[in-house]
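Please read them with the coordinates open.

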Amino acid sequence: MNLIQIFKALSDPNRLWIIQSLIQDEPGAERHCTSFGLQLTKATRSHHFKILREAGLISQVDKGNCSLATLRRREIEKEFPGLLELISTKWKTL
């Protein structure tokens with residue numbers, strides 16, 4: 001994980017919203033990309049999830065014809081203690 005890459009991924013308000021939403025979920029929760037309420041095309045949503053995945057913030061599991069995202073909470077907290085708390089409480093979204 002690279003902190004600069006994480007901050008770049010979070011610089012977009014839609015991606016920040018996704019991560020803040022996942023932080024509020026139970027640890028290990030899996031969410032479909034349409035469950036975040038983003039008014040974006042499928043291609044744009046896929047792009048945002050790719051950026052988050054490449055930054056190491058989420059993992060995705062394919063289940064049939066859908067992909068579910070999970071916050072990599074444990075790995076993030078191990079590498080950058082307190083980062084998720086900072087993201088969830090200090091940054092404003094859309």
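Are phenylalanine 36 and phenylalanine 49 buried or exposed? Both are buried. The model is a predicted one.

1. The aromatic pair. Searching the whole structure turns up one aromatic pair. The pair consists of phenylalanine 36 and phenylalanine 49, with 5.8 Å from centre to centre and 50° between the planes, and it is classed as tilted. Phenylalanine 36 belongs to the loop between β1 (31-32) and α3 (42-54), while phenylalanine 49 sits in helix α3, so the pair ties together parts that are 13 residues apart in sequence.

2. Overall make-up. The protein chain has five helices and three strands. Read from the N terminus, the order of elements is α-α-β-α-β-β-α-α. The radius of gyration is 12 Å, close to the 12 Å that the globule rule gives for 94 residues, so the chain is as compact as a globular protein of that length. The C-alpha trace spans about 35 × 25 × 20 Å along its principal axes.

3. Burial, contacts and surface. Of the 94 residues in the protein chain, 37% are buried. Taking contacts between residues at least 6 apart in sequence, 61% join residues at least 24 apart. The accessible surface of the chain is about 5700 Å², and carbon and sulfur atoms account for 51% of it.

4. Sheet order. The three strands make an open sheet, ordered β1-β3-β2, with antiparallel pairing. β1 and β2 (58-63) are at the edges and have a single partner strand each, so one side of each is left without a neighbour in the sheet. As for β3, five of its six residues are buried, so this strand is largely enclosed by the rest of the structure.

5. The β1 and β3 pairing. Two bridges join β1 to β3 (residues 66-71), and the strands run antiparallel.

6. The β2 and β3 hairpin. Six bridges join β2 to β3, again in an antiparallel arrangement. The hairpin has two residues between the strands, and glycine 64 takes a positive phi near 70° there.

7. Serine 59. This residue lies in strand β2, and its bridge partner in β3 is threonine 70. Serine 59 is partly exposed, its relative accessible area being 30%. Apart from neighbours within four places in sequence, serine 59 is in contact with Leu68, Ala69, Thr70 and Arg72. Serine 59 and glutamate 30 are 29 residues apart in sequence, and their C-alpha atoms are 9.4 Å apart in space.

How values were computed: Residues numbered from 1 in each chain as written. Predicted model: local features only at pLDDT ≥ 70, side-chain atom pairs only at ≥ 80, totals over all residues. Heavy atoms only, no water. Phe/Tyr/Trp six-rings, centres within 6.5 Å; stacked < 30°, edge-to-face > 60°. Helix = DSSP H or I, 4+ residues; strand = E, 2+ residues; numbered from the N terminus. Buried < 20%, exposed > 50% of the residue type's maximum accessible area, 1.4 Å probe, protein only. Rg over C-alpha atoms; globule rule 2.2 N^0.38 Å. Contact = heavy atoms within 4.5 Å. Areas by Shrake-Rupley, 256 points an atom, 1.4 Å probe, with all protein chains shown as cover. Pairing = 2+ DSSP bridges.
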